[in-house]
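Here is a walk through one predicted model. Keep the sequence and the 3D view side by side as you read.

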Amino acid sequence: MVIVRVKLHVRPEKVLEFTQTLLSIVEPARKEVGCISYSFSCNVEDNYCYYLLEEWKSRKDLNRHLETSRFGVLLGLKSLLSKPLQIKIYRASTAEGMESVEKVRRKKLAKTEMLAQKLFL
């Protein structure tokens with residue numbers, strides 16, 4: 001799996017235009033071959049900072065997406081931004097779910113219980 005994280009700082013007076021443009025890109029991108037997910041969000045601490053998160057089955061699928069006019073529109077948003085956009089591409093070799101979190105928490109709970117038993121014996 002390939003994960004793309006795009007960080008965009010939008011000029012305050014351009015938020016509406018930016019949001020409308022991004023919304024027009026998201027749904028069609030989700031339908032592209034190999035797209036697992038495609039979403040964007042706003043930073044809760046900075047109303048002008050947005051993140052685009054994309055997940056692709058393969059680098060080949062991502063490359064196909066990068067060649068689309070849709071991605072060109074995203075790159076064209078630079079006139080609406082207060083800072084250059086930042087793109088990070090990650091390759092994920094494994095993925096874990098909630099079972100991994102629960103396993104770690106059970107270990108911590110067991111250690112805490114052992115410590116409590118030693119203290120109160």
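Start with Tyr50. This residue has a relative accessible area of 8%, so it is buried, the cut-off being under 20%. Phe18 is buried as well.

Now look at the rings. The count of aromatic pairs comes to three. In one of them, Phe18 and Tyr50 sit 4.9 Å apart, centre to centre, with 55° between the planes, a tilted pair. Phe18 belongs to helix α1 and Tyr50 to strand β3, so this pair ties together parts 32 residues apart in sequence. Tyr50 also pairs with Phe40: the ring centres are 6.3 Å apart and the planes lie at 45°, so this pair is tilted. Here strand β2 supplies Phe40 and strand β3 supplies Tyr50, 10 residues apart. Phe40 is partly exposed, at 24% relative accessibility. Phe18, Phe40 and Tyr50 make up one aromatic cluster.

Follow Phe18 back into its helix. The buried residues of α1 are Val15, Phe18, Thr21, Leu22, Ile25, Val26 and Ala29. Viewed down the helix axis, they fall within an arc of 145°, so they line one face of α1. An α-helix has 3.6 residues a turn, so residues three or four places apart point the same way. Leu16 and Leu23 are exposed, on the face of α1 turned away from the buried side. The buried residues of α1 pack against β1, β2, β3, α2 and α3.

Last, the core. The largest nonpolar core has 22 residues, and Leu8, Phe18, Tyr38, Trp56 and Leu74 touch the most other members. Helix α1 gives the most to this core, with six residues. Leu8 contacts residues including Phe18, Tyr50 and Leu74.

Definitions and conventions
Residues are numbered from 1 along each chain as its sequence is written. This is a predicted model: local features need pLDDT of at least 70, side-chain atom pairs count only at pLDDT 80 or more; totals for chains, interfaces and linings use all residues. Side-chain values use heavy atoms; hydrogens and water are left out. Buried means under 20% relative accessible area, exposed over 50%, partly exposed in between (1.4 Å probe, protein chains only). Helices (H or I, at least four residues) and strands (E, at least two) are DSSP runs, numbered from the N terminus. The arc is that of the directions from the helix axis to the C-beta atoms. Contact means heavy atoms within 4.5 Å. A nonpolar core is a set of buried Ala, Val, Leu, Ile, Met, Phe, Trp, Tyr and Cys residues joined through side-chain atoms within 4.5 Å. Rings of Phe, Tyr and Trp (its six-membered ring) pair if their centres lie within 6.5 Å; planes under 30 degrees apart count as stacked, over 60 as edge-to-face and the rest as tilted.
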